[in-house]
Amino acid sequence: MAVAQASQAEPRVVLTARGLGKDFSGFTAVNNVDLDVQHARIHALIGPNGAGKTTVFNLLTKFLQPTRGKITLLGQDITQTRPDKVARMGLVRSFQISAVFPHLTVRENVKVALQRPSGLAVQFWLPLSALDRLDARADQLISQLGLDPYRDHRAADLSYGRKRVLEIATTLALDPEVLLLDEPMAGMGQEDVQMVAGIIRNVATERAVLMVEHNLNVVADICDHVTVLQRGQIIAHGDYATVSADPRVRTAYMGSDA
């Protein structure tokens, strides 16, 4: 009985990397990286500047082709898979720079994102009214992420933090199994940081979240697992208390283990 309960409590692994490596003209940017990203967990990838975090993101999402190693998504080998197909399989990412249509409203931005999974993206001959069928799902996402008061506001008029929330809404429109967030808190004030952290925590109840983040207070607050990179290699992993106590991590960030 105890074994069965332990098995039920252990979340399933949805994204893995084994021996992941990337070389650029003789320079090794990522070397022998292993990752296990679990469903309904927030996994942080941290490290000092130049540690290889964004390169790992680009490898996982196939914006870069690995020099060596294997990547598995939902049990399928995606090492050689094109990035557009990987996205359709359920691995979706955001970028460090907010990517929304500034002159469209919040609702219109979300509806644009919804066109792909609904099959409307390529049906250009249909009248504009055909997009009305997306209203209910768009409003559901907008409400889920606390954007109701801004539904009819232009994206250009939103605060930076709200723009990042809108970007998360557009990625969720693709209904991903794994959501990769590249520095979601970058450039935010403390109030926006707390708001977005709460949203990410809520989003992760239904999917895996892997995030690159420099704000260690956020990592300590919301992340279940932390992997620390330095010079393209993993130097520590575990919960935040474990990695923050590791002298190798303190040396990587501070230049000293004192």
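**Helices, a sheet and salt bridges in a predicted model**

In helix α5 (residues 135-144), the buried residues are Asp-135, Ala-138, Leu-141 and Ile-142; buried here means under 20% relative accessible area, exposed means over 50%, and partly exposed lies in between (1.4 Å probe, protein chains only). These residues sit on the same side of α5, because they cover an arc of only 130 degrees around the axis, the arc being that of the directions from the helix axis to the C-beta atoms. After α5 comes Gly-146, whose phi is positive, near 70 degrees.

The model is predicted, so local features need pLDDT of at least 70 and side-chain atom pairs count only at pLDDT 80 or more, while totals for chains, interfaces and linings use all residues. Residues are numbered from 1 along each chain as its sequence is written, and side-chain values use heavy atoms, with hydrogens and water left out.

A view of the whole chain comes next. The chain has 10 helices and 10 strands; helices (H or I, at least four residues) and strands (E, at least two) are DSSP runs, numbered from the N terminus. Of the 258 residues in the chain, 46% are buried. The accessible surface of the chain comes to about 12800 Å², and 51% of it belongs to carbon and sulfur atoms; such areas come from the Shrake-Rupley method with a 1.4 Å probe, and for residues only the protein chains shown count as cover. Among contacts (heavy atoms within 4.5 Å) between residues at least 6 apart in sequence, 63% join residues at least 24 apart.

An open sheet is formed by 4 strands in the order β2-β1-β4-β5, with antiparallel pairing; two strands pair if DSSP finds at least two bridges between them. At the edges are β2 (27-38) and β5 (76-77), each of which pairs on one side only. Strand β1 (residues 13-24) and strand β4 (residues 68-73) run antiparallel and are joined by 5 bridges. Ala-17, for example, has Ile-71 in β4 as its bridge partner. Helix α2 (residues 53-60) lies across β1, β2 and β4 and runs at about 115 degrees to β1; axes are lines fitted to C-alpha atoms, for helices over the stretch in contact, and angles run from 0 to 180 degrees between N-to-C directions.

Another helix, α6 (residues 160-172), contains Thr-170. This threonine, Thr-170, counts as buried because its relative accessibility is 13%. Apart from neighbours within four places in sequence, Thr-170 is in contact with Asn-109, Val-110 and Ala-113.

Charged side chains complete the picture. Side chains of opposite charge can pair when their charged atoms come close. The structure holds 16 salt bridges, a salt bridge being a side-chain nitrogen of Lys or Arg within 4 Å of a carboxyl oxygen of Asp or Glu. One of them joins the side chains of Asp-23 and Arg-68 (2.9 Å, N to O). Asp-23 lies in strand β1 and Arg-68 in strand β4, so this pair ties together parts that are 45 residues apart in sequence. Asp-23 is partly exposed at 26% relative accessibility, and Arg-68 is partly exposed at 31%. In the salt bridge between Arg-154 and Asp-157 (3.3 Å, N to O), Arg-154 is partly exposed at 34%, whereas Asp-157 is exposed at 51%.
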